[in-house]
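Here is a short report for a reader new to this structure. Please look through the sequence and the model first.

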Amino acid sequence: MESSASNGGSSVAWVESPLQLLCVIEAQHAGLLGDDAVVVPRSGLPALRLTRNEISRLALPDGLRFAEPSAKMPKPGRSWAVGDAFSGRVQLSLLTSPVRRLLLVDDGLATIRLLELLAERRPLLRARAVPGTARTAMGAVAGVRLRRLARRGRLTVFTALPVPDEVADAVRALGASVVRHDFPWLRSQPGRRPPAEKTVVLGTSLVRNGLIHREAYVKWLTGLDEPVAYYPHRREDPKDLDRVRRIDGLTVYESGAPAEMTLRDLRPGQRVLSLPSTAVTSLRILLRARGVSVETVDVPDEWWTASAGPSLRSHLQLFAHERVAP
């Protein structure tokens, strides 16, 4: 049931992506947000709306409620949960509102970069960003605020990602807590019927982001000589998806909900193929015990565009264990 966002003695979570939403629910399940937590989804994001619809048929952890979606970020409550600490909105709130406790939840690959920048005492700026003086200054001050919360024991990082040991140790040395999880709430919930195809391919945002060549990716999909269930990435270009639909033997399943929700009940013997992505890690956690292989496609050098520099390619390899050749 939807409610208004009342901050009072509640914990408040501001979510801007399906993964952030899932991780906030897991945080409540783990007892990190107290006995009263309100989730405020950012309005105008179809993927969040579809994920919320999927979640509506599941049993939420006690004490968690949803507010109406809003374009305006809520004021921090007793505790504040966010996923994208690179966001200008989040950083401005860190600078202008008193934050007593902060919980950082996963928001994809950017989470690892954020922890690296915190540990290295650098401004909190997105990878590949070309910020101006004011934006750099705000990122620097936001980093100072987060480190100050860490020193006071008021910063917790809640993650299912493979944070390198040296990064996790450095973040803990700041005073922050790093809490790992393996989606226990989601694993306890009923799933949907899996696709009939043995092989599932996860769509990618790397084409839309200009990091790999479109033709190389489509050629690889066309060369998969078997029936394939294709689950698009929420940020895939509709024109690219139209091309994918025309590939013989490939069926597009557009659920809109995160892969972690739609694929968690795959059958033993099925497999998932994906270019490097956060979903690779979370699906391995969810599916390994079910006998489902989750394999990362090793991106050939000629697929990369000039926008994908060596450091970004290296960063993506955090999610490239158990690789498979294209």
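What volume does the largest cavity have? The largest cavity has a volume of about 60 Å³.

## Ground rules

This is a predicted model, in which local features need pLDDT of at least 70 and side-chain atom pairs pLDDT 80 or more, while totals for chains, interfaces and linings use all residues. Residues are numbered from 1 along each chain as its sequence is written, and side-chain values use heavy atoms, without hydrogens or water.

## The largest cavity

A cavity is a set of points on a 1 Å grid over the protein atoms alone where a 1.4 Å probe fits but cannot get out; lining residues have an atom within 4 Å of a point. A volume is the space filled by probe spheres set on the points, which are joined across faces, edges and corners. The whole structure holds four cavities of 30 Å³ or more.

Residues lining the largest cavity include Arg214, Tyr217, Val218, Asp237, Asp240 and Val244. Helices α8 and α9 each supply at least two lining residues. Helix α8 gives the most, with three. By class, the lining has five nonpolar, one polar and five charged residues. Here Ala, Val, Leu, Ile, Met, Phe, Trp, Tyr, Cys and Pro count as nonpolar, Asp, Glu, Lys and Arg as charged, and the others, Gly among them, as polar.

## Helix α9

Helices (H or I, at least four residues) and strands (E, at least two) are DSSP runs, numbered from the N terminus. Helix α9 covers residues 238-245, and its buried residues are Asp240, Leu241 and Val244. Seen down the helix axis, these fall within an arc of 100°, so they line one face of α9. The arc is taken from the directions from the helix axis to the C-beta atoms. Buried means under 20% relative accessible area, exposed over 50%, partly exposed in between (1.4 Å probe, protein chains only).

The buried residues pack against α8 (214-222), β10 (228-231) and β11 (250-252). Contact means heavy atoms within 4.5 Å. The face turned away from the buried side carries exposed Pro238 and Lys239. At the start of α9, a side-chain oxygen of Asp237 comes within 2.8 Å of the backbone nitrogen of Lys239.

## Ser274

Ser274 sits in strand β12 (residues 271-274). Its relative accessibility is 2%, so Ser274 counts as buried. Leaving out residues up to four places away in sequence, Ser274 touches Leu202, Val280, Glu295, Thr296 and Val297.

Methods. A polar contact is a pair of N or O atoms within 3.5 Å; within protein, one must be able to donate a hydrogen and the other to accept it, and residues adjacent in sequence count only if both atoms are side-chain atoms. On a 1 Å grid over the protein atoms alone, a cavity is a set of points where a 1.4 Å probe fits but cannot get out, and a pocket is an open set with protein on both sides within 12 Å along at least five of seven lines; lining residues have an atom within 4 Å of a point.
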